[in-house]
Number of protein chains: 2
Amino acid sequence: MSSSLKRIDPPTSLMEVTVDRIRDAIIAGELPLGCKLSEQRLADMLGISRSPVRDALAALQVEGLVTISPKRGSFVFTPDLKAVDEINEHRCILEKASIRKAIANNHAALLKNMAAACTRMAEAARREDALQYTRGDMEFHNSIILSGGNHSITSSYKRTIGPLMALRTHLFTIMNENLARSMKEHLALLEACRAKDADEAERLVDVHAAHLVDAYRVALSETSLFDGLSTVTA
Amino acid sequence: MSSSLKRIDPPTSLMEVTVDRIRDAIIAGELPLGCKLSEQRLADMLGISRSPVRDALAALQVEGLVTISPKRGSFVFTPDLKAVDEINEHRCILEKASIRKAIANNHAALLKNMAAACTRMAEAARREDALQYTRGDMEFHNSIILSGGNHSITSSYKRTIGPLMALRTHLFTIMNENLARSMKEHLALLEACRAKDADEAERLVDVHAAHLVDAYRVALSETSLFDGLSTVTA
DNA sequence: CATCCAAAACTAACATGCTACATGGTAGAT
DNA sequence: ATCTACCATGTAGCATGTTAGTTTTGGATG
């Protein structure tokens, strides 16, 4: 059987790759928080027209990573403590519900994917690579949601956590937030899941999530690195 | 304080009104489930160009009310039991979390808004007006979410329940699903909130939500009204 | 030097043109 | 009668032009 005649899935649209590029740039910190994003400039930079860029920015606005101000311009989001707290509470609710379902109905896959993410994170932590650690972290929490098996929750989650992920990178790089403690918490959560202890798992999710908000609170009070608001990096 | 100097919000864009029009048409059943939606045709019908229509359809896709098939066309969503069940589970999770928070932190507003929605629903039920009843129902559940006070959850909820609301209208009109029982359940939930009994409230939310899925399951098995898939109503 | 105003530059919203792809019907071959 | 290739038509993705609102800037005036 030739592998050349496999099912062909339609080539990804320009808009999709644009979304991915810009999202990655924001999460990686290449586009600073509050940075102005001109459709025209981004289009020129990527060598495409304004249409897919416009569509991409609209999609990213839904994810909370971009703010579009009518007739004025688009900007990378700027988090405030209240918003971060709310997003965090929201994702806690989704993760707790999902982890409970996953422990009950999808235990094997849950453990497998969590463990895989953990090794990746451990590797990144050893090398002090904050960006890779963030990716592992995303993978870890995604595997919880995915193992929950609810597609509506999965897509909603994807459209919600963007800002938190961006912040995580910033917290880890700008100040060097403690990777080791974070790593420990993930391993503890993995163990609770292995033991099928849903109550303990929920508790750990709460604790773990609270730490991110704490770190952000500290960052806000200590430094003012977040109001850099670089006018145009793009 | 003059009300003339209130905050001015920018005039609604064409895209926004287009979103609202199409959403209303779907929820009201004017655009049947599975109906084909041509950008060009909708644009002609509304007397505008394809751009805002295109943007609107993209937004409605995020809400789950429209499915866009690349190069083929856009269609009003067609629900399957699994998807409906998942959306329902999702919204239950959000409503239960919100109602618990609202009872604890925002009791007065919660009761006020729920009660207002209830009178509206009772009125509609008396007149057997399914569409108005659905609107009251949306208002009721929205007031739960809003009183929870979490903006992230609020916007996520809005982008999630569209398909359920559309189904509710269809279930009430096509078959005449029992308005009275639904009304009773809402009143019971109102009472539980008044008594600040969060556990009972959560239980009632679960029961109430399950009934919608049950009704849909019955509708699916009894009639095949859902595969009408009218080719072009637009 | 500070202030005000107008003009220029910039922005996204919206309109329209073009192209690749999907689909349905039909004519021709078997 | 059936299958096939082709063509006519419809579709959205993308490019580009136009418009209207916003911001910045440059200079004149106090």
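A residue is taken to be near a molecule or strand if its C-beta atom, placed from the backbone, lies within 6 Å of it. In this predicted model, 20 residues surround DNA strand D, and the closest are S13(A), L14(A), S49(A), S38(B) and G73(B). Two or more residues of this surface are given by each of α1 (14-28) and α3 (50-62) of chain A, together with α2 (39-46) and β3 (73-76) of chain B. The element that gives the most to the surface near DNA strand D is α3(A), with 3 residues, and by class the residues of this surface divide into 7 nonpolar, 7 polar and 6 charged.

The largest share of the surface near DNA strand C comes from α3(B), which supplies 3 residues, while the surface as a whole has 8 nonpolar, 7 polar and 6 charged residues.

The two protein chains also meet one another, with 18 residues of chain B in contact with 18 residues of chain A. On the side of chain B that touches chain A, the elements giving two or more residues are α3 (50-62), α4 (81-105) and α7 (151-158) of chain B. Of these, α4(B) gives the most, with 6 residues, and this side of chain B is made up, by class, of 8 nonpolar, 7 polar and 3 charged residues.

How values were computed:
Residues are numbered from 1 along each chain as its sequence is written. Chains are lettered from A and ligands numbered from 1 in the order in which they are written. This is a predicted model: local features need pLDDT of at least 70, side-chain atom pairs count only at pLDDT 80 or more; totals for chains, interfaces and linings use all residues. Two residues are in contact if their C-beta atoms, placed from the backbone, lie within 7 Å. Helices (H or I, at least four residues) and strands (E, at least two) are DSSP runs, numbered from the N terminus. Ala, Val, Leu, Ile, Met, Phe, Trp, Tyr, Cys and Pro count as nonpolar, Asp, Glu, Lys and Arg as charged, and the others, Gly among them, as polar.
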